[in-house]
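Reader: Hi! I have a structure open here and would like to talk it through with you. Could you take a look with me?

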Amino acid sequence: MTVGDHQILALVLFSAFVAVTLGITTWVGRRRQGSAEEFYAGGRLFSPLENGFAIAGDYLSAASFLGICGLIALFGYDGLLYAVGFLVAWLLVLFLVAELVRNCGRFTLADVVAARMRVPPVRVAAGAASVTVSVLYLVAQMVGAGSLVGLLLGGSDGPARTWAVIGVGALMVVYVACGGMRATTWIQVVKAVLLMGGAGALTVLVLLRFHGDLNALLHTAAARSGHGGAFLAPGLRYGGDWTARLDFISLGLALVLGTAGLPHILSRFYTVPTARAARRSAVWAIGLIGGFYLMTIVLGFGAAAVLGSDAVRAANAAGNTAVPLLALELGGGTGSTGGTVLFAVVAAVAFATILAVVAGITLASSASVAHDLYASLRRVRRAHGIERRGRRTGPGGRRTVPAQRRAAGERGHGRVPDGARRDEVAVARLAAVGVGGLAIGLALLARDLNVAFLVGLAFAVAASANLPALLYALFWSRFTTRGALWAVYGGLLPALVLVVFSPVVSGTPEALFPTVDFHLFPLQNPGLVSIPLGFFMGWLGTVTSRHRADEARYAETEVRALTGAGAV
């Protein structure tokens, strides 16, 4: 076969996947999608096995398949730490979050945090944080799409990568707007099966290349990396000085704590009928995710051993194309039939991975815009209207203003009219377009950064803003509305400011703006500072609040979280 055959075949296979997923979306779209429960949670009808595969499909992103393997191929042991962090994080999700979130929430993270607070300000804060995290995560996936298409079309720059990012953005909007959670879930299940199968086949081929001898694999990888024994020891990327070591600690905190604050992961626990099913979903997900990350370790070191780190870096400076190039070489090299087929299959699976993940993230972010931001503003307007009518009725009115406010749903989980829910769904569909456009623009700006590194930033923001408020709301009886607001904004804003003034944005050759230098913060990942700050600000806001927490509401939330009584 000719050199371009693998590119053509990969595009054909990817087009077939797009056709299948659009078919799923069309089929699901014919069902009733007007209700909020159907659009946001797929009717809560998925089994633990189906949801476990969907969670794995949602979580195993371009950062996992492309970014981590590339980092291992370039930096050896230090790149492997990404895989460890992503996996260990699921223990926190399983033991502290899965069941409680399913019992306390309805559609989004803000449902849990606002269960015992003044609803509108807390919902706005949690919704803004969720959208920010989702956009950062989307940027990483689209950067991976651009790198992959650049490789497929024979160039690392130019219009091909730009159109790839735009195309992925358009497809994810179609998936979400037309299919909602049900279509997104089935796309993620299909993608998880393809990804596990593709990674498993490549892993077997790498092991066969070295006759099953892992020792030979590692020593060959070290020899061809250009770093010798240092390639298999800590410190190649994060061990140069104390700044690099602190950056590693910061990254570790972000990866381990961030998963429990990712909106698109938490929303998956609302798609099953019970808390027990949510826990079993997490168990299935951990098994699938753990097996996959074991394979990425073999693939990363295999890319270094078979291709050499210099070849990986020459194809893409961030290492994002290491896996497709490894597939091409394992199949027989450029021009061979085996190499062409294997490259095409792996590239198509990688692109399918990106599409499925961006669909889940876009759905979560559009749900936050509609269910948290839009609904909160509508609730405030309705409450103000009730207050004005209450003032007009005077002392002889039939209901007091506070009572009518409660009736309007300003506090608690008051029933929302069906018409308002339908309005939310319409807003969510429009929000998907806006979120997609924003992510496309940022992805074009950040297209030369490693996708696993970009995901690390999203994890840091999630662990700084979402996790403190979530854990305090679930486990601290004194937690107040002020504490929730300070926890979210006290983690979110410092994390974003530290990223802006970090070497990621300026001051280094790999920065977004390499020709200028305004970086003041030495670390690339802000988690070491912003995560403790989020927890501290939540505590400080609570202890300085003039209003005491409603102990009755906390008791109600605790019983609901632990037993499921009253859960939707």
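Reader: Let's start with a cysteine: is Cys104 buried or exposed?

Author: Cys104 counts as buried because its relative accessibility is 1%. Buried means under 20% relative accessible area, exposed means over 50%, and partly exposed is in between, with a 1.4 Å probe and protein chains only. Cys69 also counts as buried, at 0% relative accessibility.

Reader: And how many disulfides are there?

Author: The structure holds zero disulfides, a disulfide being a pair of cysteine sulfur atoms within 2.5 Å.

Reader: What should I know about the model and the numbering before we go on?

Author: This is a predicted model, where local features need pLDDT of at least 70 and side-chain atom pairs count only at pLDDT 80 or more, while totals for chains, interfaces and linings use all residues. Residues are numbered from 1 along each chain as its sequence is written, and side-chain values use heavy atoms, with hydrogens and water left out.

Reader: What is the mean pLDDT of the chain?

Author: The mean is 81, and 86% of the residues reach 70 or more. pLDDT is the predictor's confidence in each residue, from 0 to 100.

Reader: Which elements have the lowest and the highest mean pLDDT?

Author: Helix α16 (residues 401-407) has the lowest, 43, and helix α20 (residues 527-543) has the highest, 94. Over residues 399-414, pLDDT stays under 50. The model has 28 contacts beyond four places in sequence for residues 399-414, where contact means heavy atoms within 4.5 Å.

Reader: Thanks! How many helices and strands are in the chain?

Author: The chain has 21 helices and zero strands. These are DSSP runs numbered from the N terminus: helices are H or I with at least four residues, and strands are E with at least two.

Reader: What share of the residues is buried?

Author: Of the 568 residues in the chain, 58% are buried. The accessible surface comes to about 21,000 Å², and 65% of that belongs to carbon and sulfur atoms. Accessible areas come from the Shrake-Rupley method with a 1.4 Å probe, and for residues only the protein chains shown count as cover.

Reader: What about contacts between residues 24 or more positions apart?

Author: They account for 84% of the chain's contacts with a separation of 6 or more. As an example, Thr259 and Phe459 are 200 residues apart in sequence, yet 6.6 Å apart in space, C-alpha to C-alpha.

Reader: Where is Thr259 found?

Author: Thr259 is in the loop between α10 (242-258) and α11 (263-266), and it is buried because its relative accessible area is 0%. Leaving aside neighbours within four places in sequence, Thr259 is in contact with Tyr59, Ala89, Trp90, Val93, Ile265 and Phe459.

Reader: Switching to electrostatics, how many salt bridges are there?

Author: The count comes to five, a salt bridge being a side-chain nitrogen of Lys or Arg within 4 Å of a carboxyl oxygen of Asp or Glu. One of them joins Asp111 and Arg123, with the closest N and O atoms 2.5 Å apart. Asp111 lies in helix α6 (residues 109-113) and Arg123 in helix α7 (residues 119-152), so this pair ties together parts 12 residues apart in sequence.

Reader: Is Asp111 buried or exposed?

Author: Asp111 is buried, with a relative accessible area of 1%, and Arg123 is buried too, at 7%.

Reader: Which other pairs can you give me?

Author: Arg548 and Glu551 meet in a salt bridge at 3.5 Å, N to O. Salt bridges that share partners join Asp111, Arg123 and Asp372 into one network. The side chains of Arg313 and Asp310 also meet in a salt bridge, at 3.6 Å, N to O. Both Arg313 and Asp310 lie in helix α13 (residues 309-315), three residues apart, about one turn of the helix.

Reader: Which residues form the nonpolar patch on the surface?

Author: Leu438, Leu442, Leu445, Val497, Val500, Phe501, Phe513, Val516, Phe518 and Leu520 form it, with about 840 Å² of accessible area together. Patches are made of residues with over 30% relative accessible area and no salt bridge, with like charges joined within 9 Å and nonpolar side chains (Val, Leu, Ile, Met, Phe, Trp, Tyr) within 5 Å.

Reader: Which helix gives the largest share of the patch?

Author: That is α17, with three residues. Both α17 (418-445) and α19 (481-500) supply at least two residues each. Val497 lies in helix α19 and counts as partly exposed, at 45% relative accessibility.
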